[in-house]
Amino acid sequence: MEIRKDVSLKPFNTFGIDVRCSHFVQIDSDEALEALLAESVFLSQPKIILGGGSNVLFRKDVHALVVKNEITGIAVVREDDNHYWVRAGAGENWHGFVLHCIRMGYAGIENLALIPGCVGASPMQNIGAYGVEIKDVFDSLEAVQIPDGSKRTFTRDECDFGYRESVFKRGEKDRWIITHVTLRLNKRPVFHIEYGAIEEELEKINSDRLSIKDVAQAVINIRSSKLPNPAVLGNAGSFFKNPVVAMDLCESLRAAYPEMPAYPVSGSEVKLAAGWLIEQTGWKGRRIGSCGVHDRQALVLVNYGGATGDEIYALSERVAGDVQERFGVTLEREVNLF
Ligand code: FAD
Ligand code: NAP
């Protein structure tokens with residue numbers, strides 16, 4: 001374990017923002033983490049825990065110790081007639097983990113294929129895509145408390161998952177280093193293919209017997225055709241959450257915009273598609289200097305190269321401001337700001 005000083009975070013965030021941190025360390029085991037907890041730098045500096053850096057926007061240099069979690073390992077820790085309990089290190093690449101589960105026949109996360117980042121961050125915002133969220137298969141996670149180093153296991157209920165939310169973005173924010181996540185995966189798949197273009201894509205794949213591999217492949221195909229690859233064009237996925245609004249507001253908007261997509265989440269609340277709202281304000285495909293709004297998905301802000309975090313933040317303010325003005329809907333950022 002080497003604690004380096006004055007390190008560029010450009011390779012460690014998918015927006016590709018070139019900021020520097022005062023201290024940087026990579027930890028690849030529980031033992032390395034334990035040793036880190038005793039280091040004076042750890043005790044004296046603010047800390048930022050990083051996985052794949054695919055859901056962060058660094059606005060400026062950070063005077064903090066950035067701890068990149070690279071704890072790996074995947075194991076089945078329990079099994080019954082219907083389920084496997086699979087425990088993975090926080091530093092496992094999420095998509096690699098999904099592919100491993102598919103190869104082994106562990107079902108339940110195939111719809112979450114190709115989401116960038118690491119296993120350890122997956123509970124942070126209850127990652128979700130194509131009608132499945134990690135909470136659907138979540139069993140527990142293990143974490144180490146900052147700064148006293150005490151260990152705790154969080155159950156599903158204790159994570160208090162919501163839509164792109166968990167306790168780690170609210171009351172327990174910045175207090176824990178997640179080291180392992182355990183999912184309860186299915187021996188017999190339960191397919192979720194009614195969402196978006198999955199069924200249409202599956203017809204093209206034309207498999208004799210539907211499998212979790214087919215579903216993952218359909219998701220991979222759709223995502224690859226729509227979303228910018230961060231290795232080519234800097235981005236952090238959806239910059240904003242889809243807003244959940246009161247039914248009354250939705251109905252009044254629907255009167256003015258009958259084609260507006262809206263999905264009920266309860267008897268009194270409705271989820272709107274932030275990408276659609278942004279598109280209506282004319283931002284889709286617009287570029288301001290080195291950053292802009294992606295031309296195939298208006299929810300994604302992109303760095304064409306050399307944009308600063310503050311420039312991307314300012315763009316997000318303008319986009320959200322225009323949505324607020326036109327629709328009276330407040331967009332909340334999904335990306336974590338530093
Ligand atoms: P990071 O960006 O490194 O960190 C995110 C947050 O978690 C930060 O606040 C960080 O401090 C904290 N954190 C990270 N690791 C730990 C840890 N071990 N312990 C404690 N705190 C930690 N998200 C979805 O939900 N659904 C999608 O479909 C989706 N698609 C995406 C597509 C693209 C092209 C991109 C770029 C992003 C997408 N995302 C999506 C967002 C992102 O990939 C996920 O939120 C992912 O889980 C972030 O993982 P990460 O390891 O990169 O987290
Ligand atoms: P899409 O299929 O074009 O749909 C647009 C929005 O409408 C989505 O955000 C989705 O909400 C909602 N939606 C569509 N069908 C729905 C249904 N049957 N029930 C409830 N809500 C529905 O979306 P997309 O941009 O191509 O993304 C596809 C999936 O990948 C989505 O689930 C999206 O969340 C996920 N994704 C997430 C990120 C990220 O960074 N968070 C980035 C890219 C893609 P939901 O978002 O709630 O699903």
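This is a predicted model: local features need pLDDT of at least 70, side-chain atom pairs count only at pLDDT 80 or more; totals for chains, interfaces and linings use all residues.
Residues are numbered from 1 along each chain as its sequence is written, chains are lettered from A and ligands numbered from 1 in the order in which they are written, and side-chain values use heavy atoms, with hydrogens and water left out.

**View 1. The shell of residues around ligand 1.** Ligand 1 is surrounded by 32 residues, a residue being near a molecule if one of its heavy atoms lies within 4 Å of it. The closest are Ile-49, Gly-51, Gly-52, Ser-54 and Arg-223. By class, the shell holds 18 nonpolar, 12 polar and 2 charged residues (Ala, Val, Leu, Ile, Met, Phe, Trp, Tyr, Cys and Pro count as nonpolar, Asp, Glu, Lys and Arg as charged, and the others, Gly among them, as polar).

**View 2. Backbone contacts of ligand 1.** A polar backbone atom of Gly-51 is 2.7 Å from an oxygen atom of ligand 1, and a backbone N or O atom of Pro-116 lies 3.0 Å from an oxygen atom of the ligand. A nitrogen atom of ligand 1 lies 2.8 Å from a backbone N or O atom of Gly-128. On its own, ligand 1 has 970 Å² of accessible area, of which the protein covers 94% (Shrake-Rupley method, 1.4 Å probe). Two or more shell residues come from each of strand 3 (47–50), strand 8, strand 12 (176–186) and strand 13; helices (H or I, at least four residues) and strands (E, at least two) are DSSP runs, numbered from the N terminus.

**View 3. The surroundings of ligand 2.** The 17 residues around ligand 2 include Arg-164, Tyr-195, Lys-226, Lys-271 and Gln-297, which are the closest. A polar side-chain atom of Gln-297 lies 2.3 Å from an oxygen atom of ligand 2, and a backbone N or O atom of Ser-238 lies 2.7 Å from an oxygen atom of the ligand. The protein buries 76% of the 800 Å² that ligand 2 exposes when taken alone. The shell divides into 7 nonpolar, 5 polar and 5 charged residues.

**View 4. Helix 9 and its buried residues.** Helix 9 spans residues 309–327. Its buried residues (under 20% relative accessible area, 1.4 Å probe, protein chains only) include Ile-312, Leu-315, Val-319 and Val-323. Seen down the helix axis, the buried residues fall within an arc of 160 degrees, so they line one face of helix 9; the arc is that of the directions from the axis to the C-beta atoms. Gly-328 follows helix 9 with a positive phi, near 70 degrees.

Key. A polar contact is a pair of N or O atoms within 3.5 Å; within protein, one must be able to donate a hydrogen and the other to accept it, and residues adjacent in sequence count only if both atoms are side-chain atoms. The expected span of a helix is 1.5 Å times one less than its number of residues. Buried means under 20% relative accessible area, exposed over 50%, partly exposed in between (1.4 Å probe, protein chains only).
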